[in-house]
Structures are given as C-alpha cells and as structure tokens.
Amino acid sequence: MGKSWQEQFADAPDTLKSASRQRTLVPVLDFHIGGDQFITMAGPCSVESEAQLFPTAEAVAQSGARILRGGAFKPRSSPYAFQGLGLAGLKLLDQARRRTGLAVVTEVMSEDDVPLVAEYADILQIGSRNMENFSLLAAAGRSGRPVLLKRGMVATIADMLRSAQCVLEFGNPHVLLCERGIRTFETATRNTFDVAAIAVLKAVSHLPVIADPSHAAGVRSLVPTFARIGVAAGADGQIVEVHPAPATALSDGDQSLTFEEFDQMMTALEPWLALRQQPALAAAGVLA
Ligand code: PEP
Ligand code: MN
C-alpha cells in the first residue's frame, strides 16, 4: 500500500479536500474562479505601453477572457532584459480595467511591493522564481487579495501545496494553483507541461487550478493544443499570453498569440469546455 494523499501532503493540511471542504470559490470582481465556469486570464507577458495594453485588453475581453494579465514588475533571468514599467505599468492595468471591466492579475516580486500591487491588482501573481519566497508568500497572504501561485520550475506538487499552505496560514483562503511547466531533461518545449499535476491537484486539493499553456509551450503554435489539454486535465481556468505584435514584444514574444490566434483558440475550446460540464468529469476529483 502506498501512502495516502493525506500522508503524502501532510505538511499542507489546509490545502487538501475534506468532507466539509470540496472546493474553494475564489471571488474576483463579480464572479468566481473554481466554480462551473472556466475562467480565462489573457494579456501580454509585460505591460509595455498604452498602445500595446489597451487594444490587447479590448481584444481578449471580446474573445471571452475575464481577467487581464500583464507584468509590471518582471522577474527576468538577465539583468539586461526589460525589467517592466513598475508603477506606471500598474496604472495602465488599472486604466485598462476601467475601460473593459476585466479584472487584473499581475506579478508581485517583493514583499515590500505587496501593498502597492494589491492596491491596483485584483489577483496577486507569485511567479515561479518566487514560489518558495516565504516572506513574500506571507505578505501576499496578509494582503487579503487572491493569490495566483505559479509552480516553481523544480518544485514538486508537495512543494507547491506547502507554499499554498503558507498563504492560507495567514488567513487568506483564496489561492489559485498554477501549473506552468517544469524543468525536465526534455528541451523540445520551453518547460514540460505537467498535466498530471493538474489532475492530481484537482483530486486532492479544494483550491482552483489554473493551466498556463504559454510558459509550458514556449512557442505559439503549441499553445492552443496545450490549452485543450489543460481543459481535459480538469483545470478551472487558464492564463495565456497575447500581444498585438508578438515579434516586437519586450518579453515572451515567441509564445504570445496574436489577437486572431487567441480568438480562434477560444472558439476551438468551446466544445471541450462543454464536455467539462459532464457529471462524470465533475465527479472525478475525489480525495482517496
Ligand atoms: C509570466 O507569467 O510572465 C511569468 C514570468 O511566469 P513564470 O513565473 O511562470 O515564469
Ligand atoms: Mn511571460
């Protein structure tokens, strides 16, 4: 007999399903994540300018996204790469929300920035590189804002649930678990999309699970397929990079979809989202 899920994830008890807690609905503006509706977050990797952000916000809203993504503080692997617009980027996101009615998710990289980012964002994104930044997790927990927790590149499912536990510990029940691909020996894709993690998380945790096909794929041609796989694995939503002119993007252009490609992807997902409503699939997540 192998270990039970409860034993395997014993360090993250509050993230696990129980008889009284089968799922958590995360409130965002006037809707929820983790309920029957599949929620799409979309937008550029980085907020670059008004001319880039506003048309993107309008296009993704038109195609069915409910949440605008866009980094104002960017965790770049090179000190010479574009680091983001900072506060000016947050202000552009806020204006885009007013224009479109979309909610806003944006990354916060340091605990010192949590109060500022929480003022502008509806959801705080904790990036892969910070999944185990425990003082940042604590600050995000205390902020009371929902937290999109991205899986670290070399983090196990247990590691991720432990980080979620740290946010819950500070009295914040609204954590979204994001699978964005992990490092393996495979280099054909940017990261290895661990869709099994989506299935496991849905089975063991009451927290909503978000798929990130963009950072997993690394190339735009694979993003719609990965998105479909995310839906089939049971994700409650997805986060997708979209840019008006991907070739000129200041970050992650190769994996960013054009408006048209995003619109086509959303249309192509519809039959798969309809399948998601079937009771047999809905019942699949059982803690055992
Ligand atoms: C991003 O969402 O643009 C990002 C930096 O993601 P990750 O932390 O998953 O690399
Ligand atoms: Mn990106």
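**Notebook: the barrel strands**

I started with one pair: Thr 40 stands opposite Gln 238 in S10. This is a predicted model, where local features need pLDDT of at least 70, side-chain atom pairs count only at pLDDT 80 or more, and totals for chains, interfaces and linings use all residues. Residues are numbered from 1 along each chain as its sequence is written, chains are lettered from A and ligands numbered from 1 in the order in which they are written, and side-chain values use heavy atoms, without hydrogens and water.

I looked up S3 (residues 39–43) next. It runs parallel to S10, and 5 bridges join the two. Strands pair if DSSP finds at least two bridges between them. Strands (E, at least two residues) and helices (H or I, at least four) are DSSP runs, numbered from the N terminus.

What stands opposite Gln 238 in S10, on the S9 side? I found Ala 211. S9 and S10 pair in the parallel sense over 2 bridges.

Then I checked cover on S10 (residues 237–241). 5 of its 5 residues are buried (under 20% relative accessible area; exposed is over 50%, partly exposed in between; 1.4 Å probe, protein chains only). Gly 237, Ile 239 and Glu 241 point one way, Gln 238 and Val 240 the other.

8 strands close into a barrel, in the order S3-S4-S5-S6-S7-S8-S9-S10, with parallel pairing. Neighbouring strands of this sheet are turned by 25° against each other on average, direction ignored.

Last, I took S5 (residues 103–107) and S6 (residues 123–126). They pair in the parallel sense over 3 bridges. Thr 106 has Leu 124 in S6 as its bridge partner.

Methods
Axes are lines fitted to C-alpha atoms, for helices over the stretch in contact, and angles run from 0 to 180 degrees between N-to-C directions.
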